[in-house]
Amino acid sequence: MSSKSHRFSFLEIVKKCDGFPYPEEVEVEEKYKTTTPLLLFNVKVGLLLPPVKQALIKYNNERNENPRPFVIEENFITFSSHINTFEQRTNIIKQLFDTWREEKTFPALEGWRDELYPVYGDPNGPHKMAFVIERAATPLFGVLTFGVHLNGYIKTVDGNYKMWIAQRSKTKQTWPGYLDNFVAGGIPYELSISESVIKEAMEEASLSEEISKKAIPTGAITYFTVTKNGLQPEAQYIYDIELPVDVIPKPHDDEVECFYLWDIDEVIDHIRAGEFKPNCASIVIDFLIRHSLILPDEEPEYLDILYRLHRRIELPGPSFKS
């Protein structure tokens, strides 16, 4: 891949990913001022833009049952009181998005994955799960989603880093042909974080479980993305793995076109050219910071970059306590 002429700063790159306005920002588009929270037990679990709220009002009013499935007020939306279990909420959400998909209400649902993501916020649910939702529908309700990203790298004999970088398949629904982390994927319903790492490493890079189990959790980044499909707050768990030089990743499914092994200067060149999927670029930047390849004495926006990589998101996440 050849680098484009425009060069982005690291801060510009992470702002592409963390693009939802902060409360203190002076100029905020009106549509973001009028978002409506989805509440559960008076806790915000999602955020709806005005067009989604209007479509939900229409859907709710057309239901024959009494009471209707949702309570929709000016300042909040919630489930009706008789819908109070994980199974009931999941069923209501499924009915809603099946209807919207059939009626072609939102373009986001054209990317239907048949993959369920958990939404948290029920203190009595398993790991605090409130319901599950089709992956393609998550930006419409602005719910927090979770993923895993694995940085694969080698160290040369002189101590320098090289990173394995994936190029996304040109047939992918999102960001086709862009550069990606070595391994990455969402965490679906009923899979743990570490299980997701192992699954994605095999599916995308043909990495054996014996090798992928050596991946080391190194933290997470959080951000709030705005896309054409809606609002997407995300938390990405990050793992690093130092690969033996004789381990060569190979695409196993149709999600990855090929892999590149680049030195750090080349990785940075492609990041600054805007050739990475934005959240993947942010994760590589996090890697470079953690491994002292971006230094506070040399990067004038160092702290601002860190702030944007670790946004506080006011939405509940999982609890793995028994």
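**Close-up 1. Arg168 and its polar partners.** The side chain of Arg168 comes within reach of the backbone oxygen of Thr174, at 2.7 Å. A second polar contact, again 2.7 Å, links the side chains of Arg168 and Asp180 (a polar contact is a pair of N or O atoms within 3.5 Å; within protein, one must be able to donate a hydrogen and the other to accept it, and residues adjacent in sequence count only if both atoms are side-chain atoms). This is a predicted model, in which local features need pLDDT of at least 70 and side-chain atom pairs count only at pLDDT 80 or more, while totals for chains, interfaces and linings use all residues. Residues are numbered from 1 along each chain as its sequence is written, and side-chain values use heavy atoms, with hydrogens and water left out. You will find Arg168 in strand S8, residues 161-168 (helices, H or I, at least four residues, and strands, E, at least two, are DSSP runs numbered from the N terminus). Arg168 counts as buried because its relative accessibility is 6% (buried means under 20% relative accessible area, exposed over 50%, partly exposed in between, with a 1.4 Å probe and protein chains only). Beyond four places in sequence, the residues touching Arg168 include Trp175, Tyr178, Glu255, Glu257 and Lys277 (contact means heavy atoms within 4.5 Å).

**Close-up 2. The largest pocket.** On a 1 Å grid over the protein atoms alone, a pocket is an open set of points with protein on both sides within 12 Å along at least five of seven lines, a cavity is a set where a 1.4 Å probe fits but cannot get out, and lining residues have an atom within 4 Å of a point. Grid points are joined across faces, edges and corners, and a volume is the space filled by probe spheres set on them. By class, the pocket lining has 15 nonpolar, 16 polar and 17 charged residues.

**Close-up 3. The largest nonpolar core.** This core has 33 residues, and Met163, Val267, Ile271, Phe276, Ile285 and Ile305 have the most contacts inside it (a nonpolar core is a set of buried Ala, Val, Leu, Ile, Met, Phe, Trp, Tyr and Cys residues joined through side-chain atoms within 4.5 Å). Elements that each supply at least two of its residues include S8, helix H8 (264-272) and helix H9 (278-290). H9 gives the most, with eight residues.

**Close-up 4. The largest cavity.** With a volume of about 40 Å³, this cavity is lined by Ile13, Lys16, Ile271, Gly274, Glu275, Phe276, Pro278 and Ala281. H1 and H9 each supply at least two residues of the lining.

**Close-up 5. Asn60 at helix H3.** Asn60 belongs to helix H3, residues 50-61, and counts as buried because its relative accessibility is 6%. A polar atom of the Asn60 side chain lies 2.7 Å from the backbone oxygen of Phe70. Apart from residues up to four places away in sequence, Asn60 touches Arg68, Pro69, Phe70 and Ile72.

**Close-up 6. Ile77 in strand S4.** Ile77 sits in strand S4, residues 77-79, and is buried, with a relative accessible area of 0%. Its contacts beyond four places in sequence include Leu38, Leu39, Leu48, Leu56 and Phe70.

How values were computed:
Ala, Val, Leu, Ile, Met, Phe, Trp, Tyr, Cys and Pro count as nonpolar, Asp, Glu, Lys and Arg as charged, and the others, Gly among them, as polar.
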